[in-house]
Amino acid sequence: MTIWSLSVLIFLSAPLVQDRQQRTSEEMHGLHRDPDAYIAMLESPERDAYQMPEAVIEALRLRPGQRIADIGSGSGYFSLR
């Protein structure tokens, strides 16, 4: 799989797997108004199990000196890795 196709796959699947808890529209809007709750959702320990950040980063085959942009990185879940 090329880096481009992997990036597209991650981009398209992110909304599907970012938060598995079902919330109403009102709850989602409220969550974004509460930064602590939003960060807690983004940093949930269960997130590693379904997003597998180490596997994603390994698949990108990043090399020293390369630069990436993590658009919409929230709390830096992938960026800090």
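## The chain as a whole

The protein chain has an accessible surface of about 6500 Å², and 59% of that belongs to carbon and sulfur atoms (Shrake-Rupley method, 1.4 Å probe; for residues, only the protein chains shown count as cover). Keep in mind that this is a predicted model, where local features need pLDDT of at least 70 and side-chain atom pairs count only at pLDDT 80 or more, while totals for chains, interfaces and linings use all residues. Residues are numbered from 1 along each chain as its sequence is written, and side-chain values use heavy atoms, leaving out hydrogens and water.

The chain comes to 5 helices and 0 strands (DSSP runs numbered from the N terminus: helices are H or I with at least four residues, strands are E with at least two). Of its 81 residues, 16% are buried (under 20% relative accessible area, with exposed over 50% and partly exposed in between; 1.4 Å probe, protein chains only).

Helix H5 spans residues 53-60, and its buried residues are Pro 53, Val 56 and Leu 60. They sit on the same side of H5 because they cover an arc of only 65° around the axis (taken from the directions from the helix axis to the C-beta atoms).

Turned away from that buried side is a face with the exposed residues Glu 54 and Glu 58.

## A buried serine in a loop

Ser 44 lies in the loop between helix H3 (35-42) and helix H4 (47-51). Ser 44 counts as buried because its relative accessibility is 17%.
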